[in-house]
Each structure stands twice: as C-alpha cells, then as structure tokens.
Amino acid sequence: MPTNRRDFLLTGATLPLITACASDITRLDSRPVADLAKDLGVCAASYTVLRKGMPSSPMALTGCDAEPRPDAVFQAASLTKPVVAFAALQLALVGRLDLDAPVSTYLPQGYRHFHRMLARSDNDAHDVVPVGTLGQISVRHLLNHTSGLPNWSSEPMSFASKPGERWGYSGEGFMLLQSVLEAISGTEISVWLDDRVFRPLGMGDSSLVWRDAYEGRAVDGTLPFGLRQRVRFRSAVAAASLYTTAADYARFMAAVLSDGHLLSTISSKPVLVDASLGLQWGLGWGIEQARGGPYLWQWGNNPGFRAFAMASTSSKDGFVMLTNHGRGMPLAASLARSVVPSEHQVFRFPRVS
C-alpha cells in the first residue's frame with residue numbers, strides 16, 4: 001500500500017494504470033538515448049540489450065544531478081503481464097492448465113472482483129462474478145486480451161464486449177488470471193512466482209510485492225509538476241506490481257527467447273490489434289510485424305514510471321528499458337531504433353506513450 005494518505009490519493013487519482021494520450025513519439029527516436037534523458041528530465045533509467053538472446057551488462061542513465069545506478073529497482077508496470085503469462089504457459093505446457101477451458105473450470109465458486117486494485121481485503125468493496133459469466137471466458141481470452149472485460153472497473157464487473165469477439169486491453173483480465181493461477185497452485189501468486197520463475201531464472205531482485213531490501217535502490221516515480229510517487233505494493237497485482245531491475249528482466253526475456261516451444265505457443269493464433277500498424281497480440285505479448293521481426297513487445301505505464309520490452313523472435317536481439325518518469329517512453333523508441341533497427345510502428349500506437 002502507499003506509504004501515506006497523499007500518495008494513496010495520487011495513486012487513486014491516476015489509476016487505472018494504463019492511460020495514454022495519442023502521440024507519435026517516433027519523432028524523437030533518432031535522438032541518442034542519453035540526450036533524451038537529459039532533455040526530458042528523466043532522472044533514472046536503466047536498460048539491458050540482448051544480442052542473439054544473450055543479455056549484456058545493464059546500463060544506467062540520468063537526466064538530472066544524480067548518480068546513475070544500473071542495479072536500480074523500478075516499478076515495471078505492465079511488464080508484469082508477460083511474466084505472469086510465462087508462468088501460466090509453463091502450467092499449460094505440462095498439462096496443468098487448459099488454455100481453452102472456461103475460467104469457471106478453475107473457479108467453481110465464482111470470482112471476487114475488487115473495485116480498487118490496491119484495496120483487496122475481505123471488507124473492501126467488491127462483487128462476485130458468477131460461474132455462469134466465467135463460463136463465457138477462456139484462459140486464452142485472458143492471455144490475449146479478448147476476454148471482453150474492461151481495462152479496470154470500480155463497479156460491478158460487466159463485459160465491454162463479447163468474449164472472443166475482439167482485442168481489448170484488460171488489466172481486469174490479468175487479475176482474473178491471477179485467481180486462476182492461485183487456485184491451481186494453491187499458493188499466493190507472488191510466492192509462487194518467487195519459487196517457479198524468479199529463483200530458477202536467477203532474478204534475485206524481482207518480486208510482485210515490495211521488499212524492504214529494495215529500500216535505497218528503488219527509485220521513486222516522477223509525476224507531472226515534479227511530484228514523486230512512492231507506492232509500495234504489499235499485495236500482488238498480476239497486471240502491474242512487478243519490481244525488477246533491467247538486468248533481471250533481461251534474464252527473463254532470455255529465457256523466453258531460448259524456448260522454441262514456448263515462442264511458438266505465444267505466437268500461435270494471434271489476434272488483430274491494429275492492422276495499419278502491423279500489431280497483433282499473442283499469449284501474453286504484443287506482436288509487431290516489421291522488418292527483422294516478428295517482434296514481441298510490451299509497454300508499461302504506472303503513475304510516474306514508463307517501461308518497454310521488445311525482442312525479435314528471429315534474431316533474438318532486443319532490449320528492456322525501465323524509467324522513473326511519465327515522459328520516459330521516447331527513450332525506448334530511441335533504443336529500439338539502435339538495437340533492432342526498423343520502422344517500429346508500435347511507437348505510434350496510442351497506448352504506448
């Protein structure tokens with residue numbers, strides 16, 4: 001939970017986490033990333049490049065009078081989703097999760113939908129989504145954002161569109177997926193990911209909940225007018241609460257890129273997002289059809305933080321960029337142009353800003 005009432009109010013006013021104004025940030029992508037950090041006032045940024053699926057050493061940038069730290073811990077925002085999807089697909093590949101089964105198979109008592117993502121105790125406002133409704137949604141729908149659920153809802157849950165009908169980005173879908181995974185594993189998702197993903201991959205600086213060990217290395221987010229964001233997630237949020245470093249997230253990306261079966265599963269039966277931009281969505285990742293690709297990608301947008309990850313499934317080149325500023329996304333566009341040169345239309349997608 002946020003450390004004080006002011007931070008809580010800032011969080012409540014800014015969530016849902018995925019908000020964006022339509023803007024073309026590619027007009028800045030030819031600028032060197034270090035220059036952009038200074039010009040945009042991004043005080044903390046860290047990135048790691050992957051070449052042929054192998055991560056290089058993490059790099060740190062600062063556009064302020066601060067000491068850059070390659071081991072800084074950031075909120076990775078929606079970069080959480082591919083990690084949770086990875087865990088789900090691991091279960092599917094060993095037969096413990098049926099991607100095409102209705103969610104009701106795993107939640108026969110219904111689903112408790114909380115109206116505020118940071119307020120999740122028994123007495124907090126919530127409604128129960130009945131089994132009949134859950135029976136219309138498959139696990140695949142949750143992973144490729146075709147569940148028909150809204151991005152976020154502070155009211156009783158209802159469909160924004162018919163399940164399976166079209167792509168519609170949904171944080172609520174990943175919260176439902178969290179409940180499915182917890183039901184299968186019998187374990188709270190942050191503990192389960194520690195055991196099944198982070199520890200095996202050597203991601204010692206990653207967690208879905210705040211750790212006191214992050215104090216001193218975790219950077220604050222930067223909101224408009226220079227306000228600082230100091231949210232501490234005490235409960236896991238499968239859509240957005242990952243704390244990580246650029247080096248750790250690159251290790252995760254390397255694991256994805258090295259698994260041919262997993263890559264084919266992610267990329268099977270993609271759904272259309274934006275034909276004019278060459279964008280689709282697979283199981284847990286966006287897919288961009290562009291020269292040198294296809295590319296897996298995901299953006300992150302928490303209040304005061306911007307993050308982006310991208311990798312070519314053919315060359316296995318890619319990168320992850322983490323920043324502590326609402327204006328940090330152009331740094332990712334610049335890095336994309338230098339690491340995986342192409343006309344990346346994804347940076348013209350209205351949500352990526």
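Here is a friendly conversation about a predicted model, with each label checked against its cut-off.

Colleague: Why is the link between C43 and C64 called a disulfide?

Modeller: The two sulfur atoms, one from C43 and one from C64, are 1.8 Å apart. The cut-off is 2.5 Å, so the pair qualifies. By this rule the count comes to one disulfide.

Colleague: Where in the chain do C43 and C64 sit?

Modeller: C43 is in the loop between helix 2 (33-40) and strand 1 (45-51), while C64 is in the loop between strand 3 (59-61) and strand 4 (74-75). They are 21 residues apart, and the pair links distant parts of the chain. The link is also left-handed, with -80° about the S-S bond.

Colleague: Why is C64 called partly exposed?

Modeller: Its relative accessible area is 29%. Buried would need under 20% and exposed over 50%, so C64 falls in between.

Colleague: How do you know that the length of helix 6 agrees with what a helix should span?

Modeller: Helix 6 has 15 residues, and at 1.5 Å a residue it should span 21 Å. The end C-alpha atoms of helix 6 are 21 Å apart, so the two values agree.

Colleague: What makes helix 6 mostly covered?

Modeller: Of its 15 residues, 13 are buried, and buried means under 20% relative accessible area.

Colleague: What is found at the start of helix 6, and what follows it?

Modeller: At the start, a side-chain oxygen of S170 comes to within 3.4 Å of the backbone nitrogen of E172. Polar contacts are counted within 3.5 Å, so this pair is inside that distance limit. After the helix comes G186, whose phi is positive, near 70°.

Colleague: Which residues touch the most other members of the largest nonpolar core?

Modeller: They are L97, L143, L193 and Y249, in a core of 83 residues. Helix 3 (80-93) is among the elements that each supply at least two residues, and its nine residues are the largest share. Leaving out residues up to four places away in sequence, L143 touches residues including A85, L89, F174 and W281. A second, separate core has 36 residues, among them L36, M321, A332 and F347.

Key. Residues are numbered from 1 along each chain as its sequence is written. This is a predicted model: local features need pLDDT of at least 70, side-chain atom pairs count only at pLDDT 80 or more; totals for chains, interfaces and linings use all residues. Side-chain values use heavy atoms; hydrogens and water are left out. A nonpolar core is a set of buried Ala, Val, Leu, Ile, Met, Phe, Trp, Tyr and Cys residues joined through side-chain atoms within 4.5 Å. Buried means under 20% relative accessible area, exposed over 50%, partly exposed in between (1.4 Å probe, protein chains only). Helices (H or I, at least four residues) and strands (E, at least two) are DSSP runs, numbered from the N terminus. Contact means heavy atoms within 4.5 Å. The expected span of a helix is 1.5 Å times one less than its number of residues. A polar contact is a pair of N or O atoms within 3.5 Å; within protein, one must be able to donate a hydrogen and the other to accept it, and residues adjacent in sequence count only if both atoms are side-chain atoms.
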